[in-house]
Amino acid sequence: MSSYWLLRITSIFLYIHHATDHLVWEAHAHAKQPQQCTPHQGPDQTSSTMRKNPLSVDTAGSNGTAAATGAREHGELVSPSARLVEDFYIVVVIGVATPVNLPAARAGIEAQLARYPRFRSIQVKDGSGRPRWVPTTVNLDDHIVYPRLDAAAVARDPDRAVEDYVATLSTLPMDESRPLWEFHVLDFPTSEAAATTAIRVHHSLGDGMSLLTLFMACTRSAADPARLPAMPPTPARTGAIWEQPRPPASAGALALAAWAWSFAVLAWHTAVDVASFFATILFLRDPHTLFKRVNHAAHQRKRLVHRGLSLDDVKFVKNTMNCTVNDVLVGVTYAALSRYYFRKTGDADTSKEIRVRSILLVNLRPTTSLQACLNMIESGKGSDVKWGNELGFIILPFHIGLHDDPLQYVCKAKKIVDRKKSSLEVVFTHLAAEVILKIFGLKAAGAIFHRMISHTTISFSNMIGPVEQVEFCGHPVVFIAPSGYGPPEALTVNFQSYVNTMMVNLAVDEAQFPDCHELLDDFVESLRLVRGAASSLGKNNKND
């Protein structure tokens, strides 16, 4: 094995246990007017005016200066993981409590987000054909979109107007000759907020957790605008998953045998998971269900919808069941999908259990603190923190079935998640992706990556947000709903915590899930049932 790969494996091992513990499995008129969509020129029409260059544009010769040539040759290389997600986009819908003060918002974006190095860079091929991040000039008028929607449609149903507009973004290309991020400002009240902003960012700029951390670093506490918002405490890093301390001799032979056995179990689980990973690429497909993508056209219009759940209820179940928040969310997802499936299919066989699988993208880079992000923004130096995509994959089984006891969904989720923590699957899938890309090139690697995802059914993630209300450029944030589009799956489920709310966000193929709000209702009802069962269990335990 070359020294390069030995160093790669060593560095990744140092972060694997931390990543799996989090299970951030693997998504705040004095100038020129921003880009607008007129009432007669909706967002679909404006897309025709955008330049549709390849993602890695080759500008060699377009600027003959030595500075441009040097930037092309010495800019940071685009990571292999970022190249694999070239068709993936992250969309964060944010509701604010006041109408948008455009000059203040513009000044804040210019002073903060636009200073982040990736937000002022484009991908450019060097002399060897390798894409690199090269600084460019940012014109905010290209990135702040202030659409003029049909006034009658907005007055009739403002919530639907926002939802329709955000869905339209999934059909629009981004101009790849400029930094790949946009703010779409929908400055009218809905049932949730006084105004809404949809932030669209290309996945190559960072994974969902990294970008959310960056956004949070640009916000301030609503209670004290002089400080950064409070985030939940993160578990202390205990080292790599394989760094189990050897028990002392005084512990006896049984303890030593258990220690050795844990490594055998780790090796076995890893071997099984890696074999499943390659089988999924080659031939192993999920069974066809109503959740499996039907239309395999290159671009499907995605509808992004969300619903708030009680974070207190989630934590109550967690404490009662002695599990993690992630275990509860996976269990609630099992329950919601099961309710939806049996209602829609009319299947009377309640003993049936269907096993589908979810792809979870895990960024192996360590979590960056808000203060480190703030320092990076203020200095304008991307080298201040490790950033970007360094992705591995976890294939997580999802079970669809009906249980008399709703807590069975959480018990099953905990068992599966605990099993996945005892594996180095994410390390080997990350290295496999890098090797495939290095040997076969981007086109072949992209086809393999696409094939792997299309053989599964769902994408799933869970991200942690602030524990207090925040302000972005002086605008109090009411809700945060991150999602995205691009993966060849009909359904993506993402959870995002914010203050005392756990937001469930769905990205669905619009034609396949015309009743996606019913699926959101199933999430609400599933948590209600699980919480009720946990409450009954707690009372019984007290009586005992």
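Student: What is the distance of the polar contact between the side chains of Asp286 and Arg357?

Tutor: Look at the side chain of Asp286 and the side chain of Arg357. They make a polar contact (an N or O pair within 3.5 Å, one able to donate a hydrogen and the other to accept it; residues adjacent in sequence count only through side-chain atoms). Its distance is 2.7 Å.

Student: What sort of model is this?

Tutor: Residues count from 1 along each chain as its sequence is written, and side-chain values use heavy atoms, without hydrogens or water. Local features need pLDDT of at least 70, side-chain atom pairs need 80 or more, and totals for chains, interfaces and linings use all residues, as this model is predicted.

Student: Is Asp286 buried or exposed?

Tutor: Asp286 sits in the loop between H9 and E9. Helices (H or I, at least four residues) and strands (E, at least two) are DSSP runs, numbered from the N terminus. Relative accessible area sets the class: under 20% is buried, over 50% exposed, in between partly exposed (1.4 Å probe, protein chains only). Asp286 has 8%, so it is buried.

Student: Which class does Leu284 fall in?

Tutor: Leu284 is also in a loop, the one between helix H9 (253-282) and strand E9 (302-310). Its relative accessibility is 35%, so Leu284 is partly exposed.

Student: Where does Arg106 find its salt-bridge partner?

Tutor: Side chains of opposite charge can pair when their charged atoms come close. A salt bridge puts a side-chain nitrogen of Lys or Arg within 4 Å of a carboxyl oxygen of Asp or Glu. For Arg106, the closest N and O atoms are 2.9 Å apart, and the partner is Asp141.

Student: How many residues separate Arg106 and Asp141 in the chain?

Tutor: Arg106 belongs to helix H5 (residues 102-111), and Asp141 to the loop between strand E4 (131-135) and strand E5 (144-145). Both are buried. This pair links distant parts of the chain, and the separation is 35 residues.

Student: Which helix holds both Lys414 and Asp418?

Tutor: Their side chains meet in a salt bridge of 3.1 Å, N to O. Lys414 is partly exposed, because its relative accessibility is 28%. Asp418, at 32%, is partly exposed too. Four residues apart, about one turn, both lie in helix H13.

Student: How many salt bridges does the structure hold?

Tutor: Asp347 and Lys352 form one, at 2.5 Å from N to O. Lys352 is partly exposed, with a relative accessible area of 29%. The structure's total is 32.
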